[in-house]
Amino acid sequence: MISCANVRKSFTLGDRVVNALRGVDLRIEDPGFYAIMGRSGSGKSTLLHMLSAMDRPDSGEVIVAEHSVHAMSEREATRFRRQEIGVVFQAFNLIPTMSALENVQLPGLLSGSLSPELVARSHELLGLLGLSDRSEHRPEALSGGEQQRVAIARALLYSPKVVFADEPTGNLDTSASELVWGMLRRVAREEQVTVVMVTHEPEAASYCERIFVMNDGVIAGVIENPDSRTEQGGLDAGAIATRTQHLLSAS
Ligand SMILES: Nc1ncnc2c1ncn2[C@@H]1O[C@H](COP(=O)(O)OP(=O)(O)OP(=O)(O)O)[C@@H](O)[C@H]1O
Ligand SMILES: [Mg+2]
């Protein structure tokens, strides 16, 4: 489903070179809810940009849903982002003049055709994310958590096999965050989607069945958490923080 092999990326700022990714290897075979966790500056967002074709690696191979992302032209990348994957950001990026329903339908409108299937799908998704009674509201009349759930529904319009989320709850309070993490886990399970979430919070990662811990541009280790697939069970935030510390001190 997703694989990275020896992915490298550096940035040059003046005469300083930052090696943001120093040989990332990562494999995800099955649908589910996965986390990429690590300190600020460890390369999480850079890795997500490689996976979602927002940027290209200097070297290495990135395969997502059978597409060779590392080799895409800008034109192929645009189509890939619009139709093959879903992307959710910390900022919800909704259109303020459109209703929740229209925001979910936006990728279809941008592609020039909103088929009856996509209209039905947009209603189904608002239901899945608990927003059926909010469909006519504009973003300003929605809470932050509701806005992010609209953004998640929008990311799912074309039924992508893979969804990427970079700190999706960075602007939300604890209870709204918990709802969003629970929804992402449910989406992964019920829609058979591979959801990859970047986070620095052990609490967020506790919802995920596998946690890739990044340190200084590489994957320092992996924490398996299969029991998190159920509503209760799996490692709690404290256990994840402890294991992360062990991995980081060993790497
Ligand atoms: N466009 C860029 N130009 C220069 N340096 C960059 C660029 N993007 C990222 N970097 C550098 O690469 C390193 C990794 O950055 P990245 O944004 O991937 O970290 P992160 O793990 O997402 O951090 P955070 O948790 O703060 O979001 C950092 O040292 C950062 O300053
Ligand atoms: Mg980041």
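Residues are numbered from 1 along each chain as its sequence is written, and chains are lettered from A and ligands numbered from 1 in the order in which they are written. Because the model is predicted, local features need pLDDT of at least 70 and side-chain atom pairs count only at pLDDT 80 or more, while totals for chains, interfaces and linings use all residues; side-chain values use heavy atoms, with hydrogens and water left out. Helices (H or I, at least four residues) and strands (E, at least two) are DSSP runs, numbered from the N terminus.

Strands of a sheet pair through backbone hydrogen bonds, either parallel or antiparallel. Here two strands are taken to pair if DSSP finds at least two bridges between them. One open sheet consists of four strands in the order β2-β1-β4-β5, with antiparallel pairing. Its edge strands are β2 (16-28) and β5 (67-68), each of which pairs on one side only. Helix α1 (residues 44-51) packs on this sheet and touches β1 (2-13), β2 and β4. The direction of α1 makes about 120° with that of β1; axes are lines fitted to C-alpha atoms, for helices over the stretch in contact, and angles run from 0 to 180 degrees between N-to-C directions.

Within this sheet, β1 and β2 run antiparallel and are joined by ten bridges. Ser 3 stands opposite Arg 27 in β2. The hairpin of β1 and β2 has two residues between the strands, and Gly 14 there takes a positive phi near 65°. Strand β4 (residues 59-64) is joined to β5 by two bridges, again in the antiparallel sense. The bridge partner of Val 64 in β5 is His 67.

A second open sheet has six strands in the order β6-β7-β8-β3-β9-β10, and its pairing is mixed. Strands β6 and β10 (218-224) stand at the edges with a single partner strand each, so one side of each is left without a neighbour in the sheet. From one strand to the next, the twist averages 20°.

Buried means under 20% relative accessible area, exposed over 50%, and partly exposed in between (1.4 Å probe, protein chains only). Four bridges join β6 to strand β7 (residues 162-166), and the two run parallel. Val 88 has Ala 165 as its bridge partner in β7. In turn, β7 pairs with strand β8 (residues 194-199) in the parallel sense over five bridges, and the bridge partner of Ala 165 in β8 is Met 197.

Eight of the eleven residues of α3 are buried, so α3 is largely enclosed by the rest of the structure. The buried residues of α3 include Ala 100, Leu 101, Asn 103 and Val 104. What covers the buried residues of α3 includes α4 and α5. Asn 103 in helix α3 has a relative accessible area of 0%. Apart from its neighbours within four places in sequence, Asn 103 is in contact (heavy atoms within 4.5 Å) with Leu 94, Ile 95, Met 98, Pro 139, Val 150 and Arg 154. Just after α3, Gly 112 takes a positive phi of about 95°.

Helix α4 (residues 116-128) has 13 residues, which at 1.5 Å a residue should span 18 Å; its end C-alpha atoms are 18 Å apart, in agreement. The expected span is 1.5 Å times one less than the number of residues. In α4, Leu 118, Arg 121, Ser 122, Leu 125, Leu 126 and Leu 128 are buried. Seen down the axis of α4, these buried residues fall within an arc of 155°, so they line one face of the helix; the arc is that of the directions from the helix axis to the C-beta atoms. Among the elements that cover them are α3 (100-110), α5 (144-155) and α6 (174-190). Gly 130, which follows α4, has a positive phi near 70°.

The count of disulfides (pairs of cysteine sulfur atoms within 2.5 Å) is zero. The sulfur of Cys 4 is 17 Å from the closest cysteine sulfur, in Cys 208, which is too far for a bond. Cys 4 is buried, with a relative accessible area of 5%, and Cys 208 is buried with 0%.
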